[in-house]
Amino acid sequence: MPKVTQQHMDARRKQILDAARRCFLRDGFHSTSMQDLFAESGLSAGAVYRYFTSKDEMILAIAEENMRDVLDITVAVAVSRQGQSMGEVMAELLDVIRVKSAEEDVAGLAVLVWGEAMRNRSLADKLDHLMGGIRANLVTLVRENQERGGLPMSATAEGIAATMLSVLPGYLLQVALLDPAVVAEVPDAVRALWPGPVGER
């Protein structure tokens, strides 16, 4: 029997998650049954269960993928692009969210996931872990900006990072529910709000 390659396994997993996203966005988490997921993916029950043992596992996987891009951006900036203003960092995060939302409706899924996290402890813990990683990277960047004079020292780096992170849910909610034109200028606005030290503008 031929060996199944990792590439094949990754493609099959993506096929299942793409089908799950479509079902969840169309019908919500609780109105979507496993039978709906089998039909949408075009796969047998056995093929799906080989990758995910439950609907909750799919929800967790989708939530993690949604957050992973944002986490990756903050890691990349914190490690390799220190010196950027916090406005540039936040604008880059918002641009990633906008692009991913146009491709996969990340914003709509985020809103569904937040609601589900209110009743699903495993999902809430996963989101807390991922948000903690993003927050830690932002704290590092805020401190670096404070030392360069780009942000005030009168507030803690942790407080400023938490405040900046609060922008993301509001942006996601507006992207999910409103006309894209409503939030089109938000990245430029955060650049203007947190521009960095005067000499670097």
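The largest nonpolar core has 56 residues. Such a core is a set of buried Ala, Val, Leu, Ile, Met, Phe, Trp, Tyr and Cys residues joined through side-chain atoms within 4.5 Å. Buried means under 20% relative accessible area, exposed means over 50%, and partly exposed lies in between (1.4 Å probe, protein chains only). The residues with the most contacts inside the core are Phe 24, Met 58, Met 86, Leu 138, Val 142, Met 164 and Leu 168. In soluble globular proteins, nonpolar side chains tend to be buried together.

The model is predicted: local features need pLDDT of at least 70, side-chain atom pairs count only at pLDDT 80 or more, and totals for chains, interfaces and linings use all residues. Residues are numbered from 1 along each chain as its sequence is written, and side-chain values use heavy atoms, with hydrogens and water left out. The predictor's confidence in each residue, pLDDT, runs from 0 to 100. Its average over the protein chain is 88, and 94% of the residues score at least 70. Confidence is lowest in helix 4 (residues 55-80), at a mean of 79. Helix 2 (residues 34-41) has the highest value, 96. Where pLDDT is low, the predicted coordinates should not be read in detail.

The protein chain has ten helices and zero strands. Helices (H or I, at least four residues) and strands (E, at least two) are DSSP runs, numbered from the N terminus. The C-alpha atoms fill a box of roughly 65 × 40 × 30 Å along the principal axes. Of the 201 residues, 41% count as buried. A contact means heavy atoms within 4.5 Å. Among contacts between residues at least 6 apart in sequence, 67% join residues at least 24 apart.

Phe 24 is buried, as is Phe 29. Residues up to four places away in sequence aside, Phe 24 touches Phe 29, Thr 32, Leu 37, Lys 55, Ile 59, Ile 62, Leu 109 and Leu 112.

The structure holds two aromatic pairs. Phe 24 and Phe 29 form an edge-to-face pair, at 4.7 Å centre to centre and 75 degrees between the planes. Rings of Phe, Tyr and Trp (its six-membered ring) pair if their centres lie within 6.5 Å; planes under 30 degrees apart count as stacked, over 60 as edge-to-face and the rest as tilted. The ring centres of Phe 38 and Tyr 49 are 5.6 Å apart and their planes stand at 75 degrees, so this pair is also edge-to-face. It links distant parts of the chain: Phe 38 is in helix 2 and Tyr 49 in helix 3 (residues 45-49), eleven residues apart. Phe 38 counts as buried because its relative accessibility is 7%. Tyr 49 is partly exposed, at 38% relative accessible area.

Helix 5 (residues 86-104) has 19 residues. The expected span of a helix is 1.5 Å times one less than its number of residues. For helix 5 this gives 27 Å, and the end C-alpha atoms are 27 Å apart, which agrees. Its buried residues include Met 86, Gly 87, Leu 93 and Lys 100. Just after helix 5, Asp 105 takes a positive phi of about 50 degrees. Lys 100 touches Asp 69, Asp 105 and Val 106, not counting residues up to four places away in sequence.

Ala 189 is found in helix 10 (residues 186-193). Its relative accessible area is 35%, so Ala 189 is partly exposed. Ala 189 and Gly 87 are 102 residues apart in sequence and 8.3 Å apart in space, C-alpha to C-alpha.
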